[in-house]
Amino acid sequence: MNAPNPTGLPEVADRLRDAIGDGVTLDVPARELTTYRLGGPVAVLVRAREEAHLLALAEALAGTDVPVLAIGRGSNLVVADEGFPGVGVLLEGSFETLDLPPEPAGASPGDGVDVAAGGSVPLPVLARRCAAAGITGLEFYVGIPGSVGGAVRMNAGGHGQSTHEVLGGARVVDLVAGTVSDRSVPALGLGYRTSALRAHEIVVAATFRGATDDPGACDARLGEIVRWRRDNQPGGSNAGSVFTNPPDDSAGRLIDACGLKGLRVGGVEVSHKHANFFQADDGATAADVRALVETVRRVVHERTGVELRPELVFVGDGPGAGDGRNEP
């Protein structure tokens, strides 16, 4: 659990205001930043628009124990009701760019194409723009409500594909070392819904490898994925999959087999549509989410012997929450 007032937080906020100006906001409710739409305030929110802003943040953090949290689109975060007593980072401006190369003369279907994307580009936008340009291989991103940076950090995937299969490399700003580096896929240490990236390492850009194809064929594949997700997964306030899938099985199947669809703790319920999605009502709390996660883990382990691993990232001052610095 975090210290309520990390050493140097007010000074860090002052330095950041001097360096970034209106890109710094205090006490921003997590409900405005995450897809669960709950949780307490992020003590300092930095809207970084260029790498220089992140390097200024690194300088401001030097010599302090202030934790950092890369927020992205907030699609797998649960911020404690007590809040996050550190610096949350959102990427904007230059990190929102998407560079689709023009189709080379004489290109044939299946020819390789590299796509450069900023860390804050939404994955569905990446998928749709590539498809419209006749670039295939990234369609699976249309159903993942995260950002490019989050996809690299968590090795996001779905529909039989994962990020490591289409990633060419990533650009990373280290907020502890104050450095910028271009990293190869092996250096990122990507595993199933995980990577070697620490919380203070911010993915600011990535290169993806696609292939040329007919735009109509790409669009048809997008449509199939969107229809499948609409038919099989709930909308509303949730964070997507709560648990990673165990080897050769699915978390949703196990939770369903244990009769836990509809199980509720406070304002959060196991979805009747997909058991690995937990739906949050208005007024739900982060404590409700954590309690339901722990209950489902315990029951599934008792009845099946399988220990489910949360895909959600818990951060903040709440009991058992992470500090935002060492958790992906």
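**Sheets and helix packing in the predicted model**

An open sheet of 3 strands has the order S14-S15-S16, and its pairing is antiparallel. Strands S14 (264-265) and S16 (278-280) stand at the edges with a single partner strand each, so one side of each is left without a neighbour in the sheet. The structure is a predicted model, in which local features need pLDDT of at least 70, side-chain atom pairs count only at pLDDT 80 or more, and totals for chains, interfaces and linings use all residues. Residues are numbered from 1 along each chain as its sequence is written, and side-chain values use heavy atoms, with hydrogens and water left out.

Helices (H or I, at least four residues) and strands (E, at least two) are DSSP runs, numbered from the N terminus. Two strands pair if DSSP finds at least two bridges between them. Strand S15 (residues 268-270) is joined to S16 by 3 bridges, and the two run antiparallel. Phe 278 in S16 is the bridge partner of Val 270. Helix H8 (residues 286-304) packs on this sheet and touches S14, S15 and S16, where contact means heavy atoms within 4.5 Å. The direction of H8 makes about 30° with that of S15; axes are lines fitted to C-alpha atoms, for helices over the stretch in contact, and angles run from 0 to 180 degrees between N-to-C directions.

A further open sheet is formed by 4 strands in the order S1-S2-S5-S3, with mixed pairing. Its edge strands are S1 (24-29) and S3 (68-70), each of which pairs on one side only. From one strand to the next, the twist averages 35°. S3 and strand S5 (residues 84-91) run parallel and are joined by 3 bridges. Gly 88 in S5 is the bridge partner of Leu 69. Helix H1 packs on the sheet, touching S1, S2 (41-48) and S5, and its direction makes about 25° with that of S2. Helix H2 also packs on the sheet, where it touches S2, S3 and S5; the direction of H2 makes about 165° with that of S5.

Two packed helices are described by the angle between their axes and the distance between the axes. For H1 (residues 9-20) and H2 (residues 51-61), the axes come within 9 Å and cross at roughly 155°. H1 is therefore roughly antiparallel to H2 (angles under 35 degrees count as roughly parallel, over 145 as roughly antiparallel, 65 to 115 as roughly perpendicular and the rest as oblique). In this contact, Val 12, Arg 15, Leu 16, Ala 19 and Ile 20 of H1 meet His 53, Ala 56, Leu 57, Glu 59, Ala 60 and Leu 61 of H2. By class, the contact of H1 with H2 has 8 nonpolar, 1 polar and 2 charged residues (Ala, Val, Leu, Ile, Met, Phe, Trp, Tyr, Cys and Pro count as nonpolar, Asp, Glu, Lys and Arg as charged, and the others, Gly among them, as polar).

The axes of helix H3 (residues 123-132) and helix H6 (residues 215-232) come within 8 Å and cross at roughly 150°, which means that H3 is roughly antiparallel to H6. Ala 127, Arg 128, Ala 131 and Ala 132 in H3 meet Pro 215, Cys 218, Asp 219, Leu 222 and Val 226 in H6. The contact of H3 with H6 has 7 nonpolar, no polar and 2 charged residues.

The protein chain has 8 helices and 17 strands.
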